[in-house]
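Thanks for coming, everyone. I'd like to walk you through one structure today.

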Amino acid sequence: MNPLTKVKLINELNEREADLGIKEAVSWHSVYKDSAWIFVGGFPYELTEGDLICVFSQYGEIVNINLVRDKKTGKSKGFCFVCYEDQRSTILAVDNFNGIKIKGRTIRVDHVKDYRPPKDHEDIDDVTKHLREEGCAPKDSAAASHSEEPEQYAIPVKKAKKDKKEKKKKKKEKKQRKKKSRASSSAESSPRHPPAAIKEEKQDVAYDKYNHATGPQNGQKATERGGGQEEERWRGRDREEDKRRTSEKGDERRRRDGDDRERETERNNRDKRKDTHKGDDRKRDDRGRDSNRKDNRKKETDQDKDRRRDSDRGDGRRKEDRRDTDGDNRRRETD
């Protein structure tokens, strides 16, 4: 069977189970619950064990890997076997990695029920021997050895976000202080403006005389009356302006209404004209049709008359021929 068809079949099985909501105990993955090995095929020949471990370690820790190579050349054949530490990782790998593309090639990922490790040969490398014997899973001793390494190889840890926020706050506070100090220094250094000079109005001599003659009370009353008259004048002006505005608005509305009415009348007249023209055209057409019908009827009647005349003439000729033949026969009989 073509490997691409196998990829499609596995994907269809997974989609059906997802649609139907089948449990894990009844799933087709449960057949391979005793095996932690998976088969990977169809990937590019350039990939090594490390590349495959980087890709397939997303869904679990890899314990062992067997990349099948050519015995003579040592080149990859494009398929391998991967063993996970947890068997549940195989289900995730088959569901998610089956049918994906790596460097333009679709790979096939499937379960392996009974995996048999290859037999060791004399020409095998030390690295492959070490992989087959001990696997590629991390060990506790490796963690201890990493802790004993010098500090110069330690990876620098990024600072927390709180320190950055505190630095930003301090910078903002410094900027605000500088702005305040600049504003205060500019206010102190700038010269004060002298007070504005106010001109005094000249007093009218006649107005003073009028105040002395009438007295302070009369002057107050006159000023009050003058102020009230001015207010009334302003109010009257405002009223007149309001009346003018309202009258202008009314005139504009009337003009608009008149324009709209004229437009409507023009439209109605146009529609009426169109209707009249259409009616005239229809009448003309009806008249033409009637005249054509009359002409056709006349022609038909004339044709019928001609046919009748021709038939009458033929009948007369036939009768005359018959008479002639009868006379001839009689003469012959008498002779």
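Start with alanine 93: at 0% relative accessibility, this residue counts as buried. Buried here means under 20% relative accessible area, with exposed over 50% and partly exposed in between, using a 1.4 Å probe and protein chains only. Alanine 93 is found in helix 3.

A word on the source. This is a predicted model, where local features need pLDDT of at least 70, side-chain atom pairs count only at pLDDT 80 or more, and totals for chains, interfaces and linings use all residues. Residues are numbered from 1 along each chain as its sequence is written, and side-chain values use heavy atoms, with hydrogens and water left out.

What does alanine 93 touch, not counting residues up to four places away in sequence? Ile38, Tyr84, Asn98 and Val109. Contact means heavy atoms within 4.5 Å. Glutamine 58 is 35 residues from alanine 93 in sequence, yet the two lie 8.5 Å apart in space, C-alpha to C-alpha.

Now the whole chain. It has eight helices and six strands. Both are DSSP runs numbered from the N terminus: helices are H or I with at least four residues, strands are E with at least two. From the N terminus on, the order is α-β-α-β-β-α-β-β-β-α-α-α-α-α. Of the 335 residues, 16% are buried. Take contacts between residues at least 6 apart in sequence: 63% of them join residues at least 24 apart.

Back to helix 3. Its buried residues are Ser89, Thr90, Ala93, Val94 and Phe97. Looking down the axis of helix 3, they fall within an arc of 135 degrees, so they line one face of the helix. That arc is taken from the directions from the helix axis to the C-beta atoms. What covers this set includes helix 1, strand 1, helix 2, strand 3 and strand 6. After helix 3 comes glycine 99, with a positive phi near 95 degrees.

Helix 2 next. Glu49, Leu52 and Phe56 are its buried residues. They cover an arc of only 65 degrees around the axis, which puts them on the same side of helix 2. They pack against strand 1, strand 2, strand 3, helix 3 and strand 6.

On to the cores. A nonpolar core is a set of buried Ala, Val, Leu, Ile, Met, Phe, Trp, Tyr and Cys residues joined through side-chain atoms within 4.5 Å. The largest one has 20 residues, and Ile38, Phe43, Leu52, Phe56 and Val82 touch the most other members. Strand 1, helix 2, strand 2, strand 3 and helix 3 each supply at least two residues of this core. There is also a second, separate core of eight residues, including Ala36, Phe39, Val68 and Tyr115.

Is arginine 108 buried or exposed? Buried, with a relative accessible area of 16%. Arginine 108 sits in strand 6. Leaving out residues up to four places away in sequence, its contacts are Pro3, Lys6, Val7, Phe39, Val40, Gly41 and Asn98.

Last, which residues lie nearest the centre of the second largest pocket? Glu24, Ser27, His29, Ile91 and Asp95, from a lining of 16. Helix 3 gives the largest share of that lining, five residues. Helix 1 and helix 3 each supply at least two. A pocket is an open set of points on a 1 Å grid over the protein atoms alone, where a 1.4 Å probe fits, with protein on both sides within 12 Å along at least five of seven lines; lining residues have an atom within 4 Å of a point.
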